[in-house]
Amino acid sequence: MRAHLDTLKQLTEAEGRDFSALTISYRAPLYDTGILSPDGSSRTFSGEPEDIASDIRAFAAIGVHELIFDCRGQSIAESIERLQWFATDVIPLVDG
């Protein structure tokens with residue numbers, strides 16, 4: 001993500017625009033721990049609540065202003081359960 005933001009900054013400045021005036025948003029799917037990245041490593045925004053909170057803090061530190069979490073499940077009930085888990089277990093661990 002950092003590399004993408006660096007590229008966006010260069011392109012923005014090349015067009016004479018103010019990069020700091022942009023609001024950077026990122027759609028962040030919540031992955032189950034069993035779904036690995038193509039290289040076999042764990043995915044960002046997966047794992048235990050502290051892992052996800054750490055990812056949130058890392059994205060904020062590199063300049064992402066908004067994260068849009070995808071909490072969809074296989075059913076409405078599962079989606080609601082995921083939202084409740086996120087609100088109860090993850091959000092309190094994030095500073096700011």
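## Largest pocket

The largest pocket holds about 190 Å³ of space. A pocket is an open set of points on a 1 Å grid over the protein atoms alone, where a 1.4 Å probe fits, with protein on both sides within 12 Å along at least five of seven lines; lining residues have an atom within 4 Å of a point. A volume is the space filled by probe spheres set on the points, which are joined across faces, edges and corners. The model is predicted, so local features need pLDDT of at least 70 and side-chain atom pairs count only at pLDDT 80 or more, whereas totals for chains, interfaces and linings use all residues. Residues are numbered from 1 along each chain as its sequence is written, and side-chain values use heavy atoms, with hydrogens and water left out.

Of the 12 residues lining the largest pocket, L30, Y31, D32, R82 and W85 are the closest to its centre. Helix α3 (residues 76-90) supplies the largest share of this lining, four residues; helices (H or I, at least four residues) and strands (E, at least two) are DSSP runs, numbered from the N terminus. The lining comprises five nonpolar, three polar and four charged residues, where Ala, Val, Leu, Ile, Met, Phe, Trp, Tyr, Cys and Pro count as nonpolar, Asp, Glu, Lys and Arg as charged, and the others, Gly among them, as polar.

## Second largest pocket

About 170 Å³ of space lies in the second largest pocket. Its lining consists of P29, L30, Y31, D32, I35, D70, R72, G73, Q74, E78 and R82. By class, four of these residues are nonpolar, two polar and five charged.

## Aromatic pairs

Five aromatic pairs are found in a search of the whole structure. Rings of Phe, Tyr and Trp (its six-membered ring) pair if their centres lie within 6.5 Å; planes under 30 degrees apart count as stacked, over 60 as edge-to-face and the rest as tilted. Y26 and F45 form a tilted pair, at 6.3 Å centre to centre and 35 degrees between the planes. Because Y26 lies in strand β1 (residues 25-29) and F45 in the loop between β1 and α2 (49-61), this pair ties together parts 19 residues apart in sequence.

F45 is buried, at 1% relative accessibility (buried means under 20% relative accessible area, exposed over 50%, partly exposed in between, with a 1.4 Å probe and protein chains only). Y26 is partly exposed at 29%. F45 also forms an edge-to-face pair with F69, at 5.5 Å centre to centre and 85 degrees between the planes. That pair links F45 to strand β2 (residues 66-70), where F69 lies, 24 residues apart. F69 is partly exposed, at 22% relative accessibility. Ring pairs join Y26, F45, F59, F69 and F86 into a cluster.
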